[in-house]
Amino acid sequence: MEEHFQHLYQALSQVDGYIYPNEIDLHWGLMIVLYPYITGLVAGAFILASLERVFHVKVLKPTYGIALLTALAFLAVATMPLVSHLQHPLRSYEIFMTPNSTSAMAIFGFVYLWYLMAVLLLEIWFDYRRDFVIWSKTSTGFKKIFYKLITLGINDTDEKSAKLDDRLGYFITVVGIPSAFLLHGYVGFIFGSIKANPWWSTVLMPIIFLFSAMVSGVALVMLIYMVVSWIRKVEIDMKCLDTIAKYLFYILLIDFVLESLDQIHRIYEAEESFDIIKVLVNGKLYITLVLMQWGIGTWIPLGVIGLFQFYKPSEKIKKAAYFIVGIFVLVGIFFMRWNIVIGGQLFSKSLSGFTTFTAVYSGMEGYLMAAVWLIIPLFILAFLLWLMPPWKKISYQE
Amino acid sequence: MGTKGINNRRKFFKASAAIIGGSIAMSIMKPFELMAQKKDESENIETDKLPLWGMGVDIERCVGCGKCAEACKIENDVPKEPFYFRTWVEQYTVKKDGEVKIESPNGGIGGLKQSVPDDDIFKSFMVPKLCNHCTNAPCVQACPVGATYISPEGVVLVDDSYCIGCSYCIQACPYGARFMNPFTKVADKCTFCYHRISDGLQPACVEVCPTDARIFGDLHDKKSDLVKFLQKNPTEVLKPHLNTKSRVFYNGLSSEVR
Ligand code: SF4
Ligand code: SF4
């Protein structure tokens with residue numbers, strides 16, 4: 001407790017202008033930055049997978065399974081930062097027991113569950129069922145038991161049953177796309193619906209969140225595909241990589257246009273809150289917004305992939321460039337979440353002053369914990385890839 | 001095996017369809033309810049027979065002694081550190097060059113002192129702040145579990161045993177009236193001293209104010225001091241453009257006040 005107060009006294013000494021006395025304590029920290037970040041990765045990865053499935057984008061085939069499992073691995077931890085940030089985490093089940101129907105946050109719980117249970121798990125199950133049956137006959141030990149159990153006793157492997165799986169899986173994907181949109185659009189709404197905060201309160205927020213989610217998810221799947229190929233020592237399918245990069249380019253462009261639209265709208269209307277937001281963007285957020293989010297996360301990737309549409313370098317250079325671009329995009333989107341969540345709390349709702357954000361290293365809200373929440377899904381993914389490798393599926397051709 | 005398997009799968013699919021259907025109903029229908037503010041759940045209680053509490057603040061009378069903020073902390077066990085306030089007093093100083101300086105060191109406890117030299121001052125005034133007990137309370141709208149609610153007498157309260165400590169209400173309040181209590185770990189805010197007013201007493205801040213700058217009363221009672229105050233003075237609420245329909249009314253509110 002003393003430590004917390006020390007921290008607040010320090011923040012108090014750094015206040016610039018006037019802020020309401022209750023605003024010195026920043027209520028949402030790193031964990032709430034991670035929450036939309038991770039959810040966005042899920043939605044984005046899933047949408048990439050769905051593109052392949054629903055629109056029959058054949059070149060993306062090598063990434064389909066990876067994208068689905070990536071979505072699952074990240075979805076598994078998506079609510080953890082949120083729950084761990086609660087002051088009373090043990091009461092979190094109340095969100096499901098007695099949800100307040102006017103609360104965006106309460107509804108998110110249901111959207112999340114729906115997406116996890118009804119969409120992602122079912123889709124993966126239908127996609128793998130036949131392989132589980134086949135694998136259960138050839139493997140031993142834990143894997144065998146797992147495959148046996150997970151088939152839920154439905155053991156037919158003939159063509160007819162495979163067709164049925166495929167049809168049902170397709171149906172779920174079709175339902176899944178709007179669900180993924182809903183999932184992340186809703187996260188945007190949690191911020192966009194707060195009229196008290198002019199930095200958050202914009203009708204474009206859900207759609208900006210959605211596109212930035214797709215950007216991050218696509219970049220993540222691209223990176224994971226490259227890394228997995230290296231580890232498996234197989235050739236990266238350049239056509240596939242180029243196509244993903246092209247998608248990344250267009251979605252990033254739309255995302256950037258939407259965000260610019262939002263900014264231009266603010267600048268042109270120059271409402272009451274504009275003066276303080278201007279100072280915010282040019283001061284406290286300059287590094288994270290202009291440099292990290294726009295520079296590293298948007299302009300460089302757009303420039304590089306854009307260039308590749310005209311100038312065709314060697315495959316080696318291209319791969320390296322895509323890899324770096326992927327990382328840049330992921331960093332950029334992380335800072336986009338940062339700029340919204342932290343940025344929105346740096347200025348006072350009195351519109352008359354600023355506070356500062358000082359992150360801590362240890363503790364539930366610290367950098368270390370944040371790193372943990374980002375690394376755990378990678379382990380889960382590694383486990384999933386080991387347990388159900390998409391490249392060992394009978395329907396998979398490299 | 002073929003047909004049996006497919007039958008099994010049908011069963012499985014039916015079961016999942018039921019789960020899916022249920023979830024759809026929950027997740028798809030719910031958002032639509034968001035379109036509107038939730039109806040007051042206490043509607044069927046005969047609210048017109050109950051008082052409707054509100055407060056008037058007379059800016060011209062406030063001298064910035066900070067007694068109200070101090071009394072509130074003592075009465076309601078508000079942590080003494082200067083980051084937690086159920087009520088506080090702001091000092092506004094408009095300088096001759098047009099610059100507006102706002103200050104509220106320790107919420108005004110101990111009395112506010114002018115830091116701008118007399119010669120530079122165009123005008124100066126004090127503004128006591130507290131939860132506005134909004135009729136359309138954004139905090140109530142945002143709380144995911146319904147731990148924040150409006151009592152039948154119009155007082156916005158937090159159920160300590162229910163709040164999960166998500167801070168969403170704090171983000172949603174446009175007035176900075178809420179804080180996360182570091183000891184109870186739940187959202188905390190002005191209750192109009194609900195325990196006192198239920199016993200026919202005045203809120204602590206009103207009781208101690210030496211200049212009667214705060215007027216507490218029943219908005220339903222046409223003879224109450226508050227209703228008379230509203231009749232006599234042109235009053236305004238804070239941030240009216242946000243349509244929170246606040247029940248704290250200010251007399252003498254200058255446009256510099258945020
Ligand atoms: S002033 Fe803030 S805490 Fe009070 S009712 Fe309004 S929104 Fe809620
Ligand atoms: S902090 Fe408590 S009262 Fe506030 S929104 Fe969360 S659960 Fe509701």
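**Nonpolar patch.** I began with the nonpolar patch and asked which element gives its largest share: α6(A) does, with 3 residues. I keep in mind that this is a predicted model. The patch covers about 560 Å² of surface, and I listed its members as Tyr93(A), Phe96(A), Met97(A), Leu113(A), Met117(A) and Leu121(A). I then looked up which elements supply at least two residues each, and found α5 (94–97) and α6 (104–138) of chain A. I also placed Leu113(A), which sits in helix α6 of chain A.

**Salt bridges.** Side chains of opposite charge can pair when their charged atoms come close. I noted 17 salt bridges over all chains. One that I looked up joins Asp127(A) to Arg53(A), with 4.0 Å between the closest N and O atoms. This pair links distant parts of the chain, as Asp127(A) belongs to helix α6 of chain A and Arg53(A) to helix α2 (residues 30–54) of chain A, 74 residues apart.

**Largest pocket.** Next I went to the largest pocket, whose volume is about 990 Å³. I found 32 residues in its lining, and those nearest the centre are His4(A), His7(A), Asp25(A), Gln87(A) and Glu365(A). The largest share comes from α1(A), with 5 residues. Sorted by class, I have 15 nonpolar, 13 polar and 4 charged residues in the lining.

**Ligand 1.** I moved on to the ligands and asked which residues come nearest to ligand 1. Of the 13 around it, they are Cys131(B), Asn132(B), Cys134(B), Cys139(B) and Cys173(B). The shell divides by class into 9 nonpolar, 2 polar and 2 charged residues.

Technical notes. Residues numbered from 1 in each chain as written. Chains lettered and ligands numbered in written order. Predicted model: local features only at pLDDT ≥ 70, side-chain atom pairs only at ≥ 80, totals over all residues. Heavy atoms only, no water. 1 Å grid on protein atoms, 1.4 Å probe; cavity = no way out; pocket = protein on both sides within 12 Å on 5 of 7 lines; lining within 4 Å. Points joined across faces, edges and corners; volume = space filled by probe spheres on them. Helix = DSSP H or I, 4+ residues; strand = E, 2+ residues; numbered from the N terminus. Nonpolar A, V, L, I, M, F, W, Y, C, P; charged D, E, K, R; others polar. Patch = residues over 30% accessible without salt bridge, like charges linked within 9 Å, V, L, I, M, F, W, Y side chains within 5 Å. Areas by Shrake-Rupley, 256 points an atom, 1.4 Å probe, with all protein chains shown as cover. Salt bridge = Lys/Arg side-chain N within 4 Å of Asp/Glu carboxyl O. Near = heavy atom within 4 Å.
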